[in-house]
Amino acid sequence: YAYTLRVNEKSDIYSFGVVILELVTGKRPVEAEYGESKHLVKWVSTTLEEKGVDHVLDPRLVNSGFKEEMCKVLNVGRLCTSPLPINRPTMRRVVKLLLEICSDDKNNPVKKDGKLSPYYYEDASDHGSAA
């Protein structure tokens, strides 16, 4: 978008990819630590190449035991932020990739159709009762 000033599906995919990178890194899209003319997407690429995935993922989340899933989500974010729009997946494909990551986790309450299992909710208060 910044270069063409046109919004299309591929620019939306890029933006969604940035959000994914924010979530798995715990960082903002633009920070002083990235240096001059750098942003989160470049920082992720550079840091992965130079230091490895352990320096990219948010340590608060890695310690929760979901490192493998986080790496997969990170890869989806990188696909979405590919420099060439033609290489970015469709949103339909992104959703499919994310659902596949969920379905790989045997304890995850998300079914393949994307709906939450009724066992996900521990009690009725989670359902938002109208009292």
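Q: Among contacts between residues at least 6 apart in sequence, what percentage join residues at least 24 apart?
A: The model is predicted. Its elements run α-α-α-α-α from the N terminus, with 5 helices and 0 strands in total. Among the contacts in question, the share joining residues at least 24 apart is 45%.

Q: What percentage of the residues of the protein count as buried?
A: The protein exposes about 9400 Å², of which carbon and sulfur atoms supply 54%. A residue counts as buried under 20% relative accessible area. Of the 131 residues, the buried share is 27%.

Q: What distance separates the end C-alpha atoms of helix 4?
A: Helix 4 covers residues 67-80, which is 14 residues. At 1.5 Å a residue, the helix should therefore span 20 Å. The distance between its end C-alpha atoms agrees with this expectation: 20 Å.

Q: How wide an arc around the axis do the buried residues of helix 4 cover?
A: The buried residues of helix 4 are Met70, Val73, Leu74, Val76, Gly77 and Cys80. They lie on the same side of helix 4, because the arc that they cover around the axis is only 160 degrees.

Q: Is Asp58 buried or exposed?
A: Asp58 lies in the loop between helix 2 (40-50) and helix 3 (59-62). Beyond its neighbours within four places in sequence, Asp58 is in contact with Val24, Thr25, Gly26 and Met70. Its relative accessible area is 5%, so Asp58 is classed as buried.

Q: With which side chain does the side chain of Asp58 make a polar contact?
A: Asp58 is a buried residue in the loop between helix 2 and helix 3. At 2.7 Å, its side chain makes a polar contact with the side chain of Arg60.

Notes:
Residues numbered from 1 in each chain as written. Predicted model: local features only at pLDDT ≥ 70, side-chain atom pairs only at ≥ 80, totals over all residues. Heavy atoms only, no water. Helix = DSSP H or I, 4+ residues; strand = E, 2+ residues; numbered from the N terminus. Buried < 20%, exposed > 50% of the residue type's maximum accessible area, 1.4 Å probe, protein only. Contact = heavy atoms within 4.5 Å. Areas by Shrake-Rupley, 256 points an atom, 1.4 Å probe, with all protein chains shown as cover. Expected span 1.5 Å × (residues − 1). Arc of directions from axis to C-beta. Polar contact = N/O pair within 3.5 Å; in protein donor to acceptor, adjacent residues only side chain to side chain.
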